[in-house]
Amino acid sequence: MDGRRRNPYELTEETPVYVISVAAQLSGLHPQTLRQYDRLGLVSPDRTAGRGRRYSARDIELLRAVQALSQDEGINLAGIKRIIELENQVAALQSRLAEMEAALDGAAAAMQQREAAVHASYRRDLVPYQEVQQTSALVVWRPKGRQD
């Protein structure tokens with residue numbers, strides 16, 4: 001969430017507000033069809049304290065999708081149920097992937113900060129090593145006090 005407190009009266013697409021007769025009209029289906037879909041687990045609306053069904057805008061959308069799959073595509077209800085389950089699974093996996101990507105981004109940023117801190121801690125008074133070039137010159141060393 002964004003950290004703000006939500007208005008308890010704010011309606012979202014998840015808010016269960018439609019009784020079965022209104023949901024049937026909005027979806028273009030018969031109320032008995034909605035009851036059957038609920039029994040089969042295709043579209044499961046929220047329930048009131050008195051056990052009455054309350055459909056949300058998302059439920060209405062799902063009812064229309066079930067209707068289209070059934071009538072336009074000729075898919076049976078068992079197939080539609082499996083499609084819905086798989087779509088829900090994909091949505092959950094996408095959400096989990098987004099969480100993991102955010103965690104990975106955070107870990108990468110933390111690692112870069114630690115790496116920068118290590119580089120900043122290097123001693124700057126040390127002289128970098130430079131390769132000594134070899135020559136064929138001969139150097140003779142004589143201790144002090146000795147003359148040959």
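The largest nonpolar core in this predicted model has 14 residues. Those with the most contacts inside the core are Leu34, Tyr37, Leu42, Val43, Tyr55, Leu63 and Val66. Four helices each supply at least two residues of this core: H1 (20–27), H2 (31–40), H3 (57–71) and H4 (77–120).

**Core contacts**

- Val43 is one of the residues with the most contacts inside the core.
- Leaving out residues up to four places away in sequence, Val43 touches Tyr37, Asp38, Tyr55, Asp59, Leu62, Leu63 and Val66.
- Among these partners, Tyr37, Tyr55, Leu63 and Val66 are themselves listed with the most contacts inside the core.
- Two of the partners, Asp38 and Asp59, are aspartates.

**H1 against H2**

- The axes of H1 and H2 lie 8 Å apart, and the two helices pack at an angle of about 100 degrees.
- Angles of 65 to 115 degrees count as roughly perpendicular, so H1 and H2 are roughly perpendicular to each other.
- H1 brings Ile20, Ala23, Ala24 and Ser27 to the contact, and H2 brings Pro31, Leu34 and Arg35.
- By class, the contact of H1 with H2 has 5 nonpolar residues, 1 polar and 1 charged.
- Leu34 takes part in this contact and is also among the residues with the most contacts inside the core.

**H1 against H3**

- The axes of H1 and H3 come within 9 Å and cross at roughly 50 degrees.
- H1 is therefore oblique to H3.
- The crossing of H1 and H3 is right-handed.
- Ala23, Leu26 and Ser27 of H1 make the contact with Ile60, Leu63 and Arg64 of H3.
- The contact of H1 with H3 divides into 4 nonpolar residues, 1 polar and 1 charged.
- Ala23 and Ser27 face H3 here, and both also belong to the contact of H1 with H2.
- Leu63 of H3 meets H1, and Val43 touches Leu63 as well.

**H3 against H4**

- The axes of H3 and H4 come within 10 Å, with a crossing angle of roughly 135 degrees.
- H3 is therefore oblique to H4.
- H3 passes H4 in a right-handed crossing.
- On the H3 side, the contact uses Leu62, Val66, Leu69 and Ser70.
- On the H4 side, the contact uses Ile80, Ile83 and Ile84.
- By class, the contact of H3 with H4 has 6 nonpolar residues, 1 polar and no charged ones.
- Leu62 and Val66 meet H4, and Val43 touches these two residues too.

- Arg51 sits in the loop between strand E1 (46–47) and strand E2 (53–54).
- The relative accessible area of Arg51 is 55%. Exposed means over 50%, so Arg51 counts as exposed.

- Leu97 lies in helix H4.
- Leu97 has 47% relative accessibility and so counts as partly exposed.
- The C-alpha atoms of Leu97 and Pro143 are separated by 74 Å. These two residues are 46 residues apart along the chain.
- Ser136 is placed in the segment after H4.
- With a relative accessible area of 78%, Ser136 is exposed.
- The C-alpha atoms of Ser136 and Glu73 are separated by 89 Å. Along the chain, Ser136 and Glu73 are 63 residues apart.

Technical notes. Residues numbered from 1 in each chain as written. Predicted model: local features only at pLDDT ≥ 70, side-chain atom pairs only at ≥ 80, totals over all residues. Heavy atoms only, no water. Core = buried A, V, L, I, M, F, W, Y, C linked by side-chain atoms within 4.5 Å. Buried < 20%, exposed > 50% of the residue type's maximum accessible area, 1.4 Å probe, protein only. Contact = heavy atoms within 4.5 Å. Axes fitted to C-alpha atoms, helices over the stretch in contact; angles between N-to-C directions. Parallel < 35°, antiparallel > 145°, perpendicular 65-115°, else oblique. Left-handed = near helix turned anticlockwise from the far one by under 90°. Nonpolar A, V, L, I, M, F, W, Y, C, P; charged D, E, K, R; others polar.
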